[in-house]
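Reader: Could you walk me through this one? I'd like to talk about its packing and its pockets.

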Amino acid sequence: MKPVFKLGLSVVLVASLAACSSADKRRQASDDFEYLDTSALSQWETLPDQQPEFSGAYRIPEREFDGPIGRDIDIRPPQQILELIPGARYEQDAEGITVWMPRAEQAQRLWQTIEEMASLTQIPVRSASADSIETDWIVWTIEDDEEVIESRYILTPIEERARYGFRIEMVEWKRNGEAENLRLASRERYNVQMTNLITARYDNDLREEARLKAQELVKNIPISLGKDRSGLPVIIARAPYDVFWERLPNILNELGFTIEDRNRSQGTLNVALKDQDDEFWQDLGVQPLQLERKNYSILLGDLGNRTSINVTDSAGKPVPEEQLASLSPALVAAVERLNRN
């Protein structure tokens with residue numbers, strides 16, 4: 001079975017920028033091709049006794065130029081490598097792409113990602129060894145495009161002068177089921193597609209690991225009421241900002257808050273509080289919240305290995321200390337309940 005990869009956001013943006021409505025127009029100039037009927041250049045003829053003068057700046061080299069013309073010219077901009085791996089370097093040549101990782105262990109992890117993709121048939125394999133993987137046919141399709149591209153690659157881990165990474169080279173190519181001579185622009189485009197497919201999976205795996213790690217770290221978060229530098233009351237969670245941000249929505253949900261909007265870079269969550277009965281608070285083991293309004297903004301501050309929590313009402317005023325004091329033990333109880341679940 002041949003995996004079929006639909007080209008994602010980057011290709012969609014390219015198609016949009018091209019302002020085209022069909023598969024053909026995405027690859028072709030929108031004007032006519034009358035220039036193909038232009039007469040061949042003729043020898044310049046001078047008048048008798050005329051002394052011709054020519055500028056070398058406009059001289060056309062006299063040789064055969066090999067390349068597509070007219071409707072065969074693909075006007076799409078080049079495909080870009082998505083630099084998803086911090087510190088990685090990408091070297092692109094006529095044959096393929098080399099990805100250099102910052103450290104040897106990262107290169108090893110990236111190669112493990114490739115092997116996992118192969119074992120899960122996300123990358124079809126024709127042959128494999130400890131030194132290389134030769135893929136079977138990978139099918140690339142674009143939505144609303146009648147053209148189907150198939151390509152095969154050799155993937156190789158590399159080590160050179162204390163540098164570590166892997167290399168991608170295309171070895172075969174088909175367009176709509178027929179083998180064709182591959183132009184350099186097309187080779188580069190689909191080498192980049194393959195590179196992006198692998199690095200995106202690597203990046204996704206690392207993000208998922210970070211998310212799971214955050215869930216483990218948040219299980220034992222001390223939360224208490226304290227004072228900020230100006231002496232105003234503030235709730236302090238002894239967990240890094242990134243960790244606490246990931247789990248705070250679930251914690252608030254346990255207390256009856258609904259998140260209506262949030263902005264991670266600004267550390268804000270706009271929430272609405274649902275009234276709960278006495279039985280709810282008895283089950284949670286804390287006193288009811290003393291918050292009087294239904295809509296609030298929760299403001300998080302990054303304190304390094306700690307996170308500050310402030311609450312303002314719908315008018316933007318900080319809630320009184322006694323209301324903030326009632327929220328602190330409720331957050332602790334919500335975390336404990338999540339840990340039990």
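Predicted model: local features only at pLDDT ≥ 70, side-chain atom pairs only at ≥ 80, totals over all residues.

Reader: OK, which residues have the most contacts inside the largest nonpolar core?

Author: That core has 36 residues, and those with the most contacts inside it are Phe244, Leu255, Phe257, Ile298, Leu300 and Leu331. Elements that give two or more residues to this core include strand S11 (233-237), helix H5 (241-254), strand S14 (295-302) and H7, and H7 gives the most, with eight residues.

Reader: And what does Phe257 touch?

Author: Leaving aside residues up to four places away in sequence, Phe257 touches Leu252, Val271, Ala272, Leu273, Leu289, Leu291 and Leu327. Apart from this core lies another, of 29 residues, among them Ile81, Val99, Met101 and Met194.

Reader: Back to H7, then: is Gln323 buried or exposed?

Author: Gln323, which lies in helix H7 (residues 321-340), has a relative accessible area of 8%, and because buried means under 20%, Gln323 counts as buried. With residues up to four places away in sequence not counted, Gln323 touches Gln290, Leu291, Glu292 and Tyr296.

Reader: Changing topic, how much space lies in the largest pocket, and what lines it?

Author: About 450 Å³ of space lies in the largest pocket, and its lining is made up of Leu41, Ser42, Gln43, Trp44, Phe54, Ser55, Tyr58, Arg59, Ile60 and Glu62.

Reader: How do the residues of that lining divide?

Author: The lining of the largest pocket divides into five nonpolar, three polar and two charged residues.

Key: Residues numbered from 1 in each chain as written. Heavy atoms only, no water. 1 Å grid on protein atoms, 1.4 Å probe; cavity = no way out; pocket = protein on both sides within 12 Å on 5 of 7 lines; lining within 4 Å. Points joined across faces, edges and corners; volume = space filled by probe spheres on them. Nonpolar A, V, L, I, M, F, W, Y, C, P; charged D, E, K, R; others polar. Helix = DSSP H or I, 4+ residues; strand = E, 2+ residues; numbered from the N terminus. Buried < 20%, exposed > 50% of the residue type's maximum accessible area, 1.4 Å probe, protein only. Contact = heavy atoms within 4.5 Å. Core = buried A, V, L, I, M, F, W, Y, C linked by side-chain atoms within 4.5 Å.
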